[in-house]
Amino acid sequence: MSTSAKVDAFLKREDRWRLEFERLRAIILACDLDEDLKWGQPCYSLGGHNVCLMHGFKDYCAVLFMKGAVLDDPAHILIQQTANVQSARQIRFTSAAEIAGMANVLSDYVQRAIEAEKAGLKAPMKATRDFAMPEEFRARLETDATLKAAFEALTPGRQRGYLLFFGAAKQAKTRAARIDTNAPRILEGKGLDD
């Protein structure tokens, strides 16, 4: 187990969930995980492999288990954050008292996550072809062979990112505008966040 000065600094800056994060941190560190700051959040790993992280939102803070989909959930407390999240699962909290009352349960779940990591378990992941392709994008690829080839050359993760982003728009006009705006990025071989 090793702590991180970066996480210390993160906690000093945290206003909304500081006490809750401190309690979660103590529980997680007692499970002999290494601590670092990744993606701007306190992250805990075993042998260089991410096991869980803490993050806060407006209405709750959470421990997110990277391979939560493969964990047994006897207390029925693991939550899939959104429909598009495949592997990760959260346990949500709204108060330090709630964390204190669930300390043993949370410790058990962290141990389950550690065992899953040691065993090399992997969550089943949907293939990119299993994600819905918005009709506007399908039509565009059918008429633009260069764009189609560039999209197919992207990594599966970049392809999924575009499919989710284009499909999230409720109106056809917005989907088409997103496709038009991002077509040059696809042609350059870039993902949404590159």
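**Figure 1. A salt-bridge network joins Asp8, Arg25 and Glu35 in this predicted model**. Arginine 25 pairs with glutamate 35, and their closest N and O atoms are 2.7 Å apart. Arginine 25 sits in helix H2 (residues 18-29), while glutamate 35 belongs to strand E1 (residues 34-38). Ten residues separate the two, so the pair links distant parts of the chain. Arginine 25 is buried, at 12% relative accessible area. Glutamate 35 is buried too, at 5%.

**Figure 2. Glutamate 136 and arginine 175 form a salt bridge between two helices**. The N to O distance is 2.9 Å. Glutamate 136 comes from helix H5 (residues 135-143) and arginine 175 from helix H8 (residues 172-187), so the contact ties together parts 39 residues apart in sequence. Glutamate 136 is partly exposed, with 22% relative accessibility. Arginine 175 is buried, with a relative accessible area of 16%.

**Figure 3. Lysine 190 meets glutamate 188 in a salt bridge**. Their side chains come to 3.3 Å, N to O. Lysine 190 counts as partly exposed at 34% relative accessibility. Glutamate 188 counts as exposed at 54%. The whole structure holds eleven salt bridges.

**Figure 4. Six residues surround the largest pocket: Trp39, Gln41, Asn50, Leu53, His55 and Met66**. The pocket volume is about 170 Å³. Strand E3 (residues 49-56) gives the most to the lining, with three residues. By type, the lining has three nonpolar residues, three polar residues and no charged ones.

Technical notes. Residues are numbered from 1 along each chain as its sequence is written. This is a predicted model: local features need pLDDT of at least 70, side-chain atom pairs count only at pLDDT 80 or more; totals for chains, interfaces and linings use all residues. Side-chain values use heavy atoms; hydrogens and water are left out. On a 1 Å grid over the protein atoms alone, a cavity is a set of points where a 1.4 Å probe fits but cannot get out, and a pocket is an open set with protein on both sides within 12 Å along at least five of seven lines; lining residues have an atom within 4 Å of a point. Grid points are joined across faces, edges and corners, and a volume is the space filled by probe spheres set on the points. Helices (H or I, at least four residues) and strands (E, at least two) are DSSP runs, numbered from the N terminus. Ala, Val, Leu, Ile, Met, Phe, Trp, Tyr, Cys and Pro count as nonpolar, Asp, Glu, Lys and Arg as charged, and the others, Gly among them, as polar. A salt bridge is a side-chain nitrogen of Lys or Arg within 4 Å of a carboxyl oxygen of Asp or Glu. Buried means under 20% relative accessible area, exposed over 50%, partly exposed in between (1.4 Å probe, protein chains only).
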